[in-house]
Amino acid sequence: MSESLSIRAGVPGAMIKTEGKAHASKKCGAKTRDGDPCKNWAMTNGRCRMHGGKSTGAKTLEGRERIRKARTKHGRYSAEAIENRRLFRAFLHYTNDLIAKITDDMGLG
Ligand SMILES: [Zn+2]
């Protein structure tokens with residue numbers, strides 16, 4: 001094992017390196033400027049040193065909120081939007097059942 005590897009061993013966020021088995025190590029996979037997935041070795045958080053592998057993440061509430069806003073595209077899958085769809089579907093089922101019952105009672109069905 002080389003000296004640089006032994007120094008890094010046990011350090012949080014160190015590279016996942018399987019010596020002599022480069023094909024077996026996990027790849028970063030981040031989208032590069034060419035649009036292809038990054039082929040560098042991933043660190044323990046799944047990204048290479050150039051794509052956030054060294055980052056320990058946002059710590060302040062403002063920082064976390066800023067990331068949340070930057071990553072939200074349309075909010076279609078937010079908890080609020082999902083709950084609104086669920087309620088609307090329940091409302092549609094209820095009204096459909098009601099209409100069926102009324103037309104049945106009136107002998108129109
Ligand atoms: Zn990368």
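In this predicted model, the protein chain has an average pLDDT of 85. Of its residues, 77% score at least 70. Confidence is not even along the chain. The lowest mean, 44, falls in helix 1, residues 3-8. The highest, 97, belongs to helix 3, residues 79-105. Across residues 1-10 the pLDDT is below 50. In the model, this stretch makes 6 contacts beyond near neighbours in sequence. Where pLDDT is low, the predicted coordinates should not be read in detail.

The secondary structure is simply described. The protein chain contains 3 helices and 0 strands. Along the sequence the pattern reads α-α-α. Burial is limited to 6% of the 109 residues in the protein chain. Contacts were also considered by distance along the sequence. Among contacts with a separation of 6 or more, 27% join residues 24 or more positions apart.

Helix 3 was examined for its length and its cover. With 27 residues at 1.5 Å a residue, helix 3 should span 39 Å. Helix 3 is hardly covered, with 0 buried residues among its 27. Just after helix 3 comes Gly 107, which adopts a positive phi of about 75°.

Trp 41 sits in the loop between helix 1 and helix 2, the latter covering residues 61-71. Around Trp 41, 18 other C-beta atoms lie within 10 Å. A buried residue needs 20 or more such atoms, and an exposed one has 12 or fewer. Trp 41 is therefore partly exposed. Lys 27 lies 14 residues away from Trp 41 along the chain. In the model, the C-alpha atoms of Trp 41 and Lys 27 are separated by 4.8 Å.

Technical notes. Residues numbered from 1 in each chain as written. Predicted model: local features only at pLDDT ≥ 70, side-chain atom pairs only at ≥ 80, totals over all residues. pLDDT = per-residue confidence, 0-100. Helix = DSSP H or I, 4+ residues; strand = E, 2+ residues; numbered from the N terminus. Contact = placed C-beta atoms within 7 Å. Expected span 1.5 Å × (residues − 1).
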